[in-house]
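Please look over the sequence and structure before reading on.

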Amino acid sequence: MKRIDKIEDSKTFRSTTTALSEVREFVNRYAVEFGFGDKDVSEIILAVDEACTNVIKHAYKGNPDAEFLVRVLGSGMEFQIVVRDWGDSFKPEEVPVPNIRDRARKHKAGGLGIYLMRRLMDTVEYRDKDKVNEVRLVRYLRNDQRS
Amino acid sequence: MNEFKVLTRDSGNAVVMELHGFLDAHTAPDLEKSFSDLIGRGKYNIVVNFNGLSYISSAGLGVFMAYIDEVRNNHGDIKLTNMQQKVFNVFDLLGFPFLYEIYPDQDEALKKFDSK
């Protein structure tokens with residue numbers, strides 16, 4: 001399959017956990033078309049799922065009437081996903097690196113998602129400006145990753 | 001929509017919990033309910049077979065963390081088996097192999113409970 005090295009699309013999703021599978025399908029398609037192999041596609045959609053889960057649970061605190069936007073941009077070797085919301089802003093620097101034993105003892109799973117995003121993507125950036133929050137996830141396609 | 005299903009059955013002195021489909025923030029409450037039901041029935045020897053599970057996010061991983069202490073405090077364990085590579089990779093990234101016993105095969109995990 002010939003890869004598509006120029007991608008630009010966005011889609012709005014309702015802020016409910018049922019939207020997560022729709023987000024994964026939306027991003028999956030473009031990651032495949034951009035040329036990522038199976039393992040990389042799985043990692044990218046997991047990182048996006050984690051970003052959207054945080055929006056649904058924390059920025060909008062489960063309000064199903066809210067919406068968030070997922071934007072996919074592919075250019076050259078750079079594949080970028082931007083998740084935008086208009087809910088409560090988020091301070092990633094306040095989330096510590098999780099200690100799995102400690103978390104299990106306290107029955108807490110929070111913070112695992114952000115840690116995963118950082119491990120899975122080349123860049124994870126948070127921005128909040130004028131009541132708009134964005135997380136930008138970037139993954140570069142390397143020649144040895146191509147499907 | 002991606003579906004998720006849990007099937008549980010007794011096997012000797014343990015319970016096998018088979019996971020199927022996609023485990024994310026939407027479906028994690030179903031798994032929580034299954035664990036809560038088992039523990040409510042006093043079942044603490046639990047083998048979780050991941051063979052049919054295609055996807056897991058941190059919301060799913062969190063469920064295992066939520067119950068492990070209670071299970072071990074009651075002299076049981078949650079042993080994980082038959083993971084597809086991409087599911088194992090997520091557990092591995094978060095350091096779960098240090099906290100949970102993970103086996104390639106369900107029978108191996110069941111034998112550990114038999115020998116208790």
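**Contact between the chains**

In this predicted model, 23 residues from chain A and 23 residues from chain B make up the contact. On the side of chain A that touches chain B, α1 (19–34), α2, α3 (100–105) and α4 (112–120) each supply at least two residues.

- α2(A) provides the largest share of that side of chain A, with eight residues.
- By residue type, the side of chain A that touches chain B has eight nonpolar, seven polar and eight charged residues.

**Packing of α2(A) and α4(A)**

- The axes of α2(A) and α4(A) cross at roughly 150° and come within 9 Å.
- The crossing of α2(A) past α4(A) is left-handed.
- From α2(A), the residues A:Glu43, A:Leu46, A:Ala47, A:Glu50, A:Ala51, A:Thr53 and A:Asn54 meet A:Gly113, A:Leu116, A:Met117 and A:Leu120 of α4(A).
- Six nonpolar, three polar and two charged residues form this contact of α2(A) with α4(A).

**Nonpolar core**

- The largest nonpolar core has 74 residues, and A:Val27, A:Ala47 and A:Val48 touch the most other members.
- Helix α2 (residues 38–59) of chain A gives the most to this core, at 11 residues.
- Beyond its neighbours within four places in sequence, A:Val27 is in contact with A:Ile44, A:Ile45, A:Val48, A:Val70, A:Val72 and A:Ile81.

**Confidence**

- The ipTM of the model is 0.93 and the pTM is 0.92.
- For chain B, the average pLDDT is 95, and 98% of the residues score at least 70.

Key:
Residues are numbered from 1 along each chain as its sequence is written. Chains are lettered from A and ligands numbered from 1 in the order in which they are written. This is a predicted model: local features need pLDDT of at least 70, side-chain atom pairs count only at pLDDT 80 or more; totals for chains, interfaces and linings use all residues. A nonpolar core is a set of buried Ala, Val, Leu, Ile, Met, Phe, Trp, Tyr and Cys residues joined through C-beta atoms within 7 Å. A residue is buried if 20 or more other C-beta atoms lie within 10 Å of its own, exposed if 12 or fewer, and partly exposed in between; C-beta atoms are placed from the backbone. Helices (H or I, at least four residues) and strands (E, at least two) are DSSP runs, numbered from the N terminus. Two residues are in contact if their C-beta atoms, placed from the backbone, lie within 7 Å. pLDDT is the predictor's confidence in each residue, from 0 to 100. Ala, Val, Leu, Ile, Met, Phe, Trp, Tyr, Cys and Pro count as nonpolar, Asp, Glu, Lys and Arg as charged, and the others, Gly among them, as polar. Axes are lines fitted to C-alpha atoms, for helices over the stretch in contact, and angles run from 0 to 180 degrees between N-to-C directions. A crossing is left-handed if the near helix is turned anticlockwise from the far one by less than a right angle, and right-handed if clockwise.
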